[in-house]
Amino acid sequence: MPASNPPPRDTLLARARSAFANRYGGVPSTVSWAPGRVELLGNHTDYNGGLVMAAAIDRGTVVAGRRREGSTASILAANYDETDRFSIDAIDWPEAGTWARYTRGVCWAVSGWAGALRSGFEAVVLGDVPLGAGLSSSASLQASFAWFLIAMGTVPGQSPGDFSGEGGDARLMELAQTLRRSENEFVGVGSGLLDQFSSLFGRSDHALFLDCSTLAHERLPLGNPAPAIVVCDSKTSRRLADGMYDRRRAECERIVSAYRDRIPVEGELLLSMVPLDWLEAEWDGLDRVGRRRARHVLTENDRVRRGIESLKSGDIGAFGRLMSASHASSRDDFENSSEALNRLIEAAESAPGFVGGKLSGAGWAGCTVNLVQADRTDEFVEAVRARYARETGITAEIHVCRAEASASGWAAME
Ligand code: GLA
């Protein structure tokens with residue numbers, strides 16, 4: 001069975017247009033697209049004020065729609081065949097855990113940032129980012145939806161052109177933070193900035209570096225030819241691990257609490273801001289769990305620093321080894337891997353063309369992300385699928401992706 005290749009975006013768009021015609025009649029005036037992401041290095045570092053390295057991928061979410069008179073918003077999620085209607089003047093909270101929390105949350109956060117939306121609208125959203133797999137279908141939905149609102153001219157003082165050219169990145173960062181606020185405060189998920197940043201800053205065949213404390217960032221070439229980004233979905237569900245993300249966050253906060261009085265910072269003190277030698281000096285005072293969690297976050301930051309150097313010197317092999325070391329650290333110290341994810345990584349390590357691989361995103365289930373020599377992708381996919389099936393009885397779903405540019409050229413397409 002060949003690896004599943006992404007349907008071209010124009011297929012996604014055509015499906016969205018046809019769903020729009022069926023549901024609302026006529027044609028949309030505005031369409032947008034934004035990608036999902038893989039995390040390449042820097043696992044659970046973002047909410048610790050640390051360093052991350054990610055890539056936007058060629059799977060994403062399309063929004064197609066148009067303005068309508070009055071203040072009613074109507075959104076059809078074509079993946080679920082569900083419609084959400086609400087008033088943009090009084091946005092209330094839909095049920096937790098639903099896609100509508102994300103779309104309403106974007107309207108809520110964007111209005112808080114730029115001012116009340118200028119009109120109601122009707123829209124279709126449709127995505128091809130595998131759901132619940134650690135590829136941030138949610139940030140892709142958020143970013144695409146924000147582009148849609150901006151491109152349609154409903155967000156006061158914002159137009160798509162402001163987000164490119166000089167000063168463009170600063171505006172993109174403001175938007176990323178706005179979308180994070182939406183996820184934290186409206187959706188109720190305490191995630192860091194990684195996902196929204198990655199969905200907005202993507203560049204073709206580039207990795208994306210972000211320092212979550214200073215917001216310094218850089219796009220770094222993955223090489224020429226760039227390796228394929230092969231995402232292997234373990235087909236194990238994250239629901240089993242519900243609550244673990246918050247628990248890890250709390251464990252990291254607990255380590256920091258001992259330093260709060262000693263390190264004056266404006267705002268919140270985060271683990272990555274505690275000097276390494278301070279932690280080392282008091283290492284024995286940390287409990288076993290605290291030591292492991294701290295070691296993971298701090299060594300991840302270091303791996304991101306070294307990853308930047310590897311990419312700058314064109315050494316993709318060294319970058320791959322850092323990814324594999326990152327997985328080992330997640331598995332042993334942060335303890336957010338799983339039997340299935342470890343099996344998938346072991347299968348990848350022994351497959352042809354493997355450059356490096358690790359779990360992607362929160363962990364405990366979902367996907368691994370692997371860099372693979374582009375000309376050996378088919379052999380790699382076959383080998384991983386066969387070994388994983390043999391060892392676990394589960395057929396992995398494998399997606400061959402590439403690092404993709406974010407919305408440019410898509411937002412505002414009429
Ligand atoms: C999830 C969160 C991100 C990040 C990763 C782990 O994907 O949404 O903010 O914390 O987990 O690195």
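Visitor: Is Arg303 buried or exposed in this structure?
Guide: The model is predicted. The relative accessible area of Arg303 is 8%. The cut-off for burial is under 20%. Arg303 is therefore buried.

Visitor: Which side chain makes a polar contact with the side chain of Arg303?
Guide: Arg303 sits in helix 8. Leaving aside neighbours within four places in sequence, it is in contact with Leu41, His296, Leu322, Ala325, Ser326 and Ser329. The polar contact, at 3.1 Å, is with the side chain of Ser329.

Visitor: How are helix 8 and helix 9 oriented to each other, parallel or antiparallel?
Guide: Helix 8 covers residues 288-312 and helix 9 covers residues 316-334. Their axes come within 9 Å and cross at roughly 175°. An angle over 145 degrees counts as roughly antiparallel. The two helices are therefore roughly antiparallel.

Visitor: How many nonpolar, polar and charged residues make up the contact of helix 8 with helix 9?
Guide: Helix 8 contributes residues including Arg292, Arg295, Glu300, Arg303 and Leu311. Helix 9 contributes residues including Phe319, Leu322, Ser329, Asp332 and Asp333. The residues of this contact divide into eight nonpolar, seven polar and eight charged.

Visitor: Which side chain is joined to Arg59 by a polar contact?
Guide: Arg59 lies in strand 2, residues 51-68. At 4% relative accessibility, Arg59 counts as buried. A polar contact of 3.4 Å joins its side chain to that of His399.

Visitor: How far apart in space are Arg59 and Gly36, C-alpha to C-alpha?
Guide: In sequence, Arg59 and Gly36 are 23 residues apart. In space, their C-alpha atoms are separated by 5.9 Å.

Visitor: How many residues of helix 3 are buried?
Guide: Helix 3 has 15 residues, which should span 21 Å at 1.5 Å a residue. Its end C-alpha atoms are 21 Å apart, which agrees. Helix 3 is largely enclosed by the rest of the structure, because its buried residues number 15 of the 15.

Visitor: What is the relative accessibility of Gln142, and what does Gln142 contact?
Guide: Gln142 belongs to helix 3. It counts as buried, at 0% relative accessibility. Leaving aside neighbours within four places in sequence, its contacts are Tyr102, Val106, Leu179, Ser182, Glu183 and Gln196.

Visitor: How far apart are the end C-alpha atoms of helix 4?
Guide: Helix 4 runs over residues 168-187, which makes 20 residues.

Visitor: Which elements do the buried residues of helix 4 pack against?
Guide: The buried residues of helix 4 include Leu172, Met173, Leu179, Ser182, Glu183 and Phe186. The helices they pack against are helix 2 (99-114), helix 3 (137-151) and helix 5 (194-201). The strands are strand 6 (206-211) and strand 7 (217-221).

Visitor: What is the phi of His44?
Guide: Most residues other than glycine have a negative phi. His44 is in the loop between strand 1 (30-41) and strand 2. It is buried, with a relative accessible area of 4%. Its phi is positive, near 60°.

Visitor: What is the phi of Leu215?
Guide: Leu215 lies in the loop between strand 6 and strand 7. Its relative accessible area is 22%, so Leu215 is partly exposed. Its phi is positive, near 70°.

Visitor: What is the omega of the bond between Asn224 and Pro225?
Guide: Pro225 is in the loop between strand 7 and strand 8 (228-233). Most peptide bonds are trans. The bond joining Asn224 and Pro225 is cis, with omega about 5°.

Visitor: How far apart in space are Ala362 and Gly105, C-alpha to C-alpha?
Guide: Ala362 is in the loop between strand 9 (354-359) and strand 10 (367-372). At 17% relative accessibility, Ala362 counts as buried. Ala362 and Gly105 are 257 residues apart in sequence, and their C-alpha separation is 21 Å.

Methods:
Residues are numbered from 1 along each chain as its sequence is written. This is a predicted model: local features need pLDDT of at least 70, side-chain atom pairs count only at pLDDT 80 or more; totals for chains, interfaces and linings use all residues. Side-chain values use heavy atoms; hydrogens and water are left out. Axes are lines fitted to C-alpha atoms, for helices over the stretch in contact, and angles run from 0 to 180 degrees between N-to-C directions. Helices (H or I, at least four residues) and strands (E, at least two) are DSSP runs, numbered from the N terminus. Angles under 35 degrees count as roughly parallel, over 145 as roughly antiparallel, 65 to 115 as roughly perpendicular and the rest as oblique. Contact means heavy atoms within 4.5 Å. Ala, Val, Leu, Ile, Met, Phe, Trp, Tyr, Cys and Pro count as nonpolar, Asp, Glu, Lys and Arg as charged, and the others, Gly among them, as polar. The expected span of a helix is 1.5 Å times one less than its number of residues. Buried means under 20% relative accessible area, exposed over 50%, partly exposed in between (1.4 Å probe, protein chains only). A polar contact is a pair of N or O atoms within 3.5 Å; within protein, one must be able to donate a hydrogen and the other to accept it, and residues adjacent in sequence count only if both atoms are side-chain atoms.
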